[in-house]
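Please work through the following exercises with the sequence and the model at hand. Each task is followed by a solution in steps.

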Amino acid sequence: MKTKAFTSPSLAAVVADVLLVGVFEGENFDGAKGNSFAKSANLLTEGSLARKAESVGFKGAVGETMEHFTDGKTAAKQILVFGLGARDKADLTVFRKAITAALRKARALKAKHVAFAAIDAAAIKSDAYGVGEALASYAAMIDYEMNHQKTEKGGYKGESHFAKLHLVVDAGSVKETARGLKDGFALAASVNLARDLANEPAGECTPDRMVKLAKKIAAESGGTIAVEIHDRKSLKKMGAGAFLAVAQGSDQPPYLIDMLYTPKDGKATAELTMVGKSVTFDSGGLDIKPADGMRDMKRDMSGGAATMAAIKAIAALGLNIKVRAVMAATENMTGGSAYKPGDVLKTMNGLTVEVDNTDAEGRLTLADAIEYAKRKGATRIIDLATLTGAVRMMVGDIACAAFGNNDEFTNLVVSSGDAQGERMLNVPMWKEYDAFNNSDMADLKNSGGAPGSTTAAWFLRRFAGEDIPWVHLDIASVAFRSRELGPDPRGATGYGVRTLVEMARRLAK
Ligand code: BES
Ligand code: MN
Ligand code: ZN
């Protein structure tokens, strides 16, 4: 998708398959309140936009769209009017919802060349950069399809619907809008990369495949990303007994992948470590999952995919911060050497864990990954994991759950998520739940019972400790869905990438 911001002497001259024009609710194309593009679009069509709106009942609510053939009155073949809602309630969040509907409609109309008559950024309490970023990122996210392996219809090859996205802006906004477009597109390319990885069949997306991709991303980073790979032998030396136990039942060798981004000038003062659950297939192990529960478990590496994709975007944006991504990649299988319920494992941090359930494997891999991150000098850690099915009981599929040991850092994570349209529920970590992970045999057991998401978070907290800020995002509720939602397709969503990049941006300031 090629993006461009430009000025045009008249809306009539803007070439496109579909020209998107936003309208605030109740303002009826009169432009009296300042939306001059809506007014001129109506004038160009000799008032037929307003007449059509009247007859079909288009009011301008968020989510509403109305298409209109211009019959040669404009260089754009069609004008697609979309609702922005009430002017006084408009902000970037509302704007994103509005353009989601508009872009989905443009896609349904098979528009290849989309132009957008940009609204006054102040009206959505944003700026030219914000408008550009939102549009490019949402267009590229909405363009995504997972049909790569279809041979009949060609399948998705990086882009399939929108070829051009052109923003019409005033002369003073061209530069900032273009910058927003460029960054938004880079961001969405990473979201789509995370989706691709998570959608990839487990037979292809093995730990080894994740290693190769990490190396490829590093090779393309202009020397800003370094990769360190730890194989079974090296992990044994480090004492990563929990991670290695999970890997025991699989024929695929496990790898700990460590990617480190250092900005070009090397003057970064801030640091961020991201840890992503990277179980490339979770059969449940000997405590095997039923068929329904196993069906989506090729996506149990969604957290790792998000961290790998985020570091790529952070490098593309050249942010002035040191960022590390740690992925302990393995399958959880049932082979003859598989770890067993009742086994006692020695983690890298020294704590012992009794295996209560081999299907609670994520926290075991993360315990060692978090300890590894700390040994590498992490000053703040965020982990993302499809950790518990129970999180869906809390938040359905419209948010993930955040657990943290430091309010300031947790607030940074949650507000970065809000700013990017990735919603999170900040769940309290009442101390009483900590004891639920106690074992008679060992320091801990790996399943502490209800509330399952919170006891899992407490398990991780025993490894993260209290000395450095840490947040755990349980993304099992949002990493993949069986329905389309917002800018997300069915299947993998790439959830977390935008939050991680936004966090890195804020910390870099
Ligand atoms: N990967 C699963 C969690 C999951 C479930 C993610 C559904 C996405 C959708 C995780 O490894 C798991 O199996 N968790 C168990 C923990 C239990 C055995 C304590 C669960 O949630 O049932
Ligand atoms: Mn599991
Ligand atoms: Zn799992």
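This is a predicted model: local features need pLDDT of at least 70, side-chain atom pairs count only at pLDDT 80 or more; totals for chains, interfaces and linings use all residues.

**Exercise 1. The zinc site**

Determine which residues coordinate the zinc ion (ligand 3), and classify the arrangement of its donor atoms.

Solution. 
- Step 1: The donors to the zinc ion (ligand 3) are K277 (NZ), D282 (OD), D300 (OD) and E361 (OE), at 2.0 to 2.4 Å.
- Step 2: Along the chain, these donors of the zinc ion (ligand 3) are spaced K-x4-D-x17-D-x60-E.
- Step 3: Six donors count as octahedral if opposite donors are over 155 degrees apart and all others between 65 and 115.
- Step 4: The 6 donor atoms around the zinc ion (ligand 3) subtend angles of 77 to 174 degrees, and the arrangement is therefore octahedral.

**Exercise 2. The manganese site**

Identify the donors of the manganese ion (ligand 2), and state how its site is classified.

Solution. 
- Step 1: D282 (OD), D359 (O), D359 (OD) and E361 (OE) coordinate the manganese ion (ligand 2) at 2.0 to 2.2 Å.
- Step 2: The spacing of these donor residues in sequence is D-x76-D-x1-E.
- Step 3: The site of the manganese ion (ligand 2) also has 6 donor atoms, but with angles of 71 to 168 degrees it is irregular.
- Step 4: The manganese ion (ligand 2) lies 3.1 Å from the zinc ion (ligand 3), and D282 bridges the two.

**Exercise 3. Accessibility of metal donors**

Decide for K277, D282, D359 and E361 whether each is buried, partly exposed or exposed.

Solution. 
- Step 1: The cut-off for buried is under 20% relative accessible area, and exposed means over 50%.
- Step 2: K277 has a relative accessibility of 2%, so K277 counts as buried.
- Step 3: D282 likewise has 2% and counts as buried.
- Step 4: E361 is buried, at 1%.
- Step 5: D359 has a relative accessible area of 22% and is therefore partly exposed.

**Exercise 4. The surroundings of ligand 1**

Solution. 
- Step 1: Ligand 1 is surrounded by 17 residues, of which K289, D300, D359, E361 and G389 are the closest.
- Step 2: This shell comprises 4 nonpolar, 5 polar and 8 charged residues.
- Step 3: Ligand 1 taken alone exposes 520 Å², and the protein buries 79% of that.

**Exercise 5. Cysteines**

How many disulfides does a search of the whole structure find, and are C205 and C400 buried or exposed?

Solution. 
- Step 1: A disulfide is a covalent bond between the sulfur atoms of two cysteines.
- Step 2: The search of the whole structure finds 0 disulfides.
- Step 3: C205 has a relative accessibility of 1% and so counts as buried.
- Step 4: C400 is buried, with a relative accessible area of 0%.

Note on methods
Residues are numbered from 1 along each chain as its sequence is written. Chains are lettered from A and ligands numbered from 1 in the order in which they are written. Side-chain values use heavy atoms; hydrogens and water are left out. Donors are N, O and S atoms within 2.8 Å of the metal (3.2 Å for Na, K and Ca); water is not among the atoms, so sites may look incomplete. Four donors count as tetrahedral if all angles lie between 85 and 135 degrees; four count as square planar and six as octahedral if opposite donors are over 155 degrees apart and all others between 65 and 115; anything else is irregular. Buried means under 20% relative accessible area, exposed over 50%, partly exposed in between (1.4 Å probe, protein chains only). A residue is near a molecule or strand if one of its heavy atoms lies within 4 Å of it. Accessible areas come from the Shrake-Rupley method with a 1.4 Å probe; for residues, only the protein chains shown count as cover. Ala, Val, Leu, Ile, Met, Phe, Trp, Tyr, Cys and Pro count as nonpolar, Asp, Glu, Lys and Arg as charged, and the others, Gly among them, as polar. A disulfide is a pair of cysteine sulfur atoms within 2.5 Å.
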